[in-house]
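Hi everyone, thanks for coming. Please take a moment with the sequence and the model on the screen, and then I'll walk you through them.

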Amino acid sequence: MSIQRIISDKLPKAVGPYSHASYVNGWLYASGQLPIDPVSGNMPATIGDQTHQVFANLKALLAEKGMTFDHVVKTTVFLNDISDFATVNGVYGQYFSQEHYPARSAFQVGKLPLNAGIEIELVAYKEEA
């Protein structure tokens, strides 16, 4: 078994000693993505805009292996404040079609890195040729 570590210049730099993702036999295991704009290094102010930025980062990460949101099997959503769930859920639903809703967990954590309001990690699969 070969593990490919993915570090992409299309994503914000990792805020610690980890890869953006690991890829093994068609499976992509993405590290949690924060709402950091990879060009400016800034984080949007509102939870809605932060959620869109996280999805932009996840889209770029999936593209590294020729994947889309339709390949996502499972997501985990970490929220700084669970009262943001309705807003996050509304944005989240814009990125997945009903036929391809992945399994999901969402919960409030004590605090996220860089005081972000949201972080999302995912697992995706695409059959290798």
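Predicted model: local features only at pLDDT ≥ 70, side-chain atom pairs only at ≥ 80, totals over all residues.

Let me start with a definition: two strands pair if DSSP finds at least two bridges between them. Strands are DSSP runs (E, at least two residues), helices are runs too (H or I, at least four residues), and both are numbered from the N terminus. Residues are numbered from 1 along each chain as its sequence is written, and side-chain values use heavy atoms, with hydrogens and water left out.

So, the sheet. It is open, has 6 strands in the order E1-E2-E3-E6-E4-E5, and its pairing is mixed. Strand E1 (4–6) and strand E5 (103–108) are at the edges with a single partner strand each, so one side of each has no neighbour in the sheet. From one strand to the next, the twist averages 10°; angles here run from 0 to 180 degrees between N-to-C directions, with axes fitted to C-alpha atoms, for helices over the stretch in contact.

Now look at strand E4, residues 72–79. With strand E6, residues 118–125, E4 pairs in the antiparallel sense over 7 bridges. Val-72 has Ala-124 of E6 as its bridge partner, and Leu-79 has Ile-118. E4 and E5, by contrast, run parallel and are joined by 6 bridges; there, Thr-76 is partnered by Ser-105.

Helix H2 (residues 85–92) lies across E4, E5 and E6, at about 155° to E4. Contact means heavy atoms within 4.5 Å.
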